[in-house]
Amino acid sequence: MAAIPVSDGIWSVGVLNPNLRIFDVVMATDYGTSYNAYLVKGEKTALIETCHHRYQEFFFRNIEQIIPLEKLDYIILNHCEPDHSGSLEALLQRAPQAQVVASQAGSIYLKNITNLPTLKVRVVKQGEIIDLGGKTLEFISAPFLHWPDSMFTYVVEDKTLFPCDFLGSHYCEPQLFDTNMVYPKRYETAFRGYYDAIFGPFKPYVLAGLQKIAQLDIAIACPSHGPILTVRGRLNEARECYREWSQPHQNSVPNIPVFYTSAYGNTTALAVALREGILSALPTASVELLDMTECDMDTLHAKLNTCDAFALGSPTINRDACPLLGSFWPVLTPSTTRKRPRWCSVPLAGAERLSRRFVRGLSPLNCGCSAKDSRSALSPLPTILPRPVKQARSLQLFLRARAGLHTNTWDRNSR
């Protein structure tokens with residue numbers, strides 16, 4: 001992709017990657033992605049974002065269509081993951097005069113990412129500006145959208161926002177603007193999937209971010225992935241979708257998915273027994289059995305973000321959980337469980353050591369955890385299968401005990 005004008009004095013200089021199918025190991029990208037970067041030129045010139053190191057030579061050529069690298073004045077890093085900063089080290093070798101600009105957290109991350117402990121970074125804060133001469137960059141702090149280092153950059157004269165990953169998508173078409181999409185339905189699927197996976201765990205921060213930009217006059221939003229959004233296209237709709245999707249969620253009935261995988265049906269038997277036990281204690285509950293071999297990770301992540309409790313189940317392979325459940329483990333973070341009632345039963349068809357590992361792994365997540373009576377050696381005995389009923393009763397008590405943090409109408413009615 002060559003340098004593409006966005007408006008007078010602003011160009012897109014990023015790189016398309018239409019063939020990417022897995023992003024950051026765990027996220028499906030059925031429609032590819034783009035590593036967007038932008039050049040803003042007044043009397044001085046600022047580059048906003050870099051790109052994945054694998055594509056840096058194409059990226060550098062795009063910049064040089066507009067300006068020699070040695071003429072860059074600023075390199076703005078709204079966010080520092082390697083898909084944003086991966087080519088920074090090589091770029092600084094060719095443009096050592098450029099001043100790197102980032103948030104306080106970003107300044108720390110960049111030194112580690114580039115392996116340059118003496119890297120000089122100008123730290124900017126909320127509301128601070130850089131005057132390029134005819135172009136004014138205003139910085140907006142946006143922590144946890146979706147890293148602690150995240151910030152937005154706003155070009156006042158052009159009413160253009162660079163919101164980093166916010167409002168972005170893993171979606172790639174040859175034409176960069178939202179008004180030129182050929183497959184809008186595919187974009188909508190990618191846009192929602194991106195929100196669920198990247199911003200779903202950070203809904204309060206999404207609402208705070210929307211509030212911070214509410215008073216800005218924004219005609220164009222240039223995210224770090226996916227199409228450029230315009231007021232004539234999808235910009236207002238995208239902002240409203242984020243607002244709607246980020247509203248506090250309360251289920252009308254207890255929502256308790258059971259995530260499991262099973263080699264010979266034994267863990268399945270425990271999962272079914274657990275479902276029956278939950279329903280005996282909470283008859284109105286929605287208890288979905290989710291075989292992880294039949295669900296993609298984005299779907300599982302979305303289920304986790306909206307549940308009131310959850311269960312995990314796995315057979316053992318070499319005294320550990322099966323690899324499929326291991327791939328789900330990174331999703332279980334404090335950001336996906338904090339301040340929500342969670343109860344975890346671990347119906348394991350396998351070793352006691354693994355059961356203890358689950359309890360230790362879940363302990364930092366602010367979850368109630370019951371695993372003691374869920375173990376089974378190989379085929380579950382008839383005396384073991386009734387145990388989930390007792391566990392489900394403890395679940396009912398646990399949810400009620402946590403009502404101070406999360407009050408549910410269904411909980412009050414079930415007393």
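User: In this predicted model, how many bridges join strand β2 to strand β7, and which residue of β7 stands opposite S12?
Analyst: Strand β2 covers residues 10-12 and strand β7 covers residues 38-41, and the two run antiparallel, joined by three bridges. Within this pairing, the residue of β7 that stands opposite S12 is Y38.

User: What is the order of the strands in the open sheet of seven strands, and which strands are at its edges?
Analyst: The sheet has mixed pairing and the order β1-β2-β7-β8-β9-β10-β11. Neighbouring strands in this sheet are turned against each other by 25 degrees on average, direction ignored. Pairing on one side only marks the edge strands, which are β1 (4-7) and β11 (121-123).

User: In what sense do β10 and β11 pair, and which helix lies across them?
Analyst: Strand β10, residues 99-102, pairs with β11 over three bridges in the parallel sense, and V100 stands opposite V121 in β11. The helix that lies across both strands, running at about 125 degrees to β10, spans residues 104-113 and is α4.

User: With which residue does Y109 form an edge-to-face pair, and why does the pair tie together parts that are apart in sequence?
Analyst: The ring centres of Y109 and W147 are 5.5 Å apart and their planes stand at 75 degrees, which is over the 60 degrees required, so the pair is edge-to-face. Y109 is partly exposed, with a relative accessible area of 26%, and W147 likewise counts as partly exposed at 26% relative accessibility. Because Y109 lies in helix α4 whereas W147 lies in the loop between β13 and β14, the pair ties together parts whose separation in sequence is 38 residues.

User: What is the order of the open sheet of six strands, and which strands are its edges?
Analyst: This sheet also has mixed pairing, and its order is β12-β13-β14-β15-β16-β17. Five bridges join β13 to β14, which run antiparallel, with V155 of β14 as the bridge partner of L137. Each edge strand pairs on one side only, and the two are β12 (129-131) and β17 (229-230).

User: Which residue takes a positive phi in the hairpin of β12 and β13?
Analyst: β12 and β13 pair in the antiparallel sense over three bridges, and T136 of β13 is the bridge partner of D131. Four residues lie between the strands of the hairpin, and the residue whose phi is positive, near 85 degrees, is G133.

User: Are F191 and W245 buried or exposed, and how is their ring pair classed?
Analyst: Both F191 and W245 are buried. F191 lies in helix α5 and W245 in helix α7, so their pair ties together parts that are 54 residues apart in sequence. Both rings also belong to a cluster linked by ring pairs, among whose other members are Y194, F199 and Y242. At 5.8 Å centre to centre and 50 degrees between the planes, the pair is tilted.

User: Where do the buried residues of helix α9 fall when seen down its axis?
Analyst: In α9, residues 297-305, the buried residues are M297, L300, H301, L304 and N305. They line one face of the helix, because seen down the axis they fall within an arc of 140 degrees.

User: Is S85 buried or exposed?
Analyst: S85 is found in helix α2, residues 82-85. Leaving aside neighbours within four places in sequence, S85 is in contact with T50, C51, L77, C80, L110 and I113. Its relative accessibility is 1%, which is under the 20% limit, so S85 counts as buried.

Terms used: Residues numbered from 1 in each chain as written. Predicted model: local features only at pLDDT ≥ 70, side-chain atom pairs only at ≥ 80, totals over all residues. Heavy atoms only, no water. Pairing = 2+ DSSP bridges. Buried < 20%, exposed > 50% of the residue type's maximum accessible area, 1.4 Å probe, protein only. Contact = heavy atoms within 4.5 Å. Arc of directions from axis to C-beta. Axes fitted to C-alpha atoms, helices over the stretch in contact; angles between N-to-C directions. Phe/Tyr/Trp six-rings, centres within 6.5 Å; stacked < 30°, edge-to-face > 60°.
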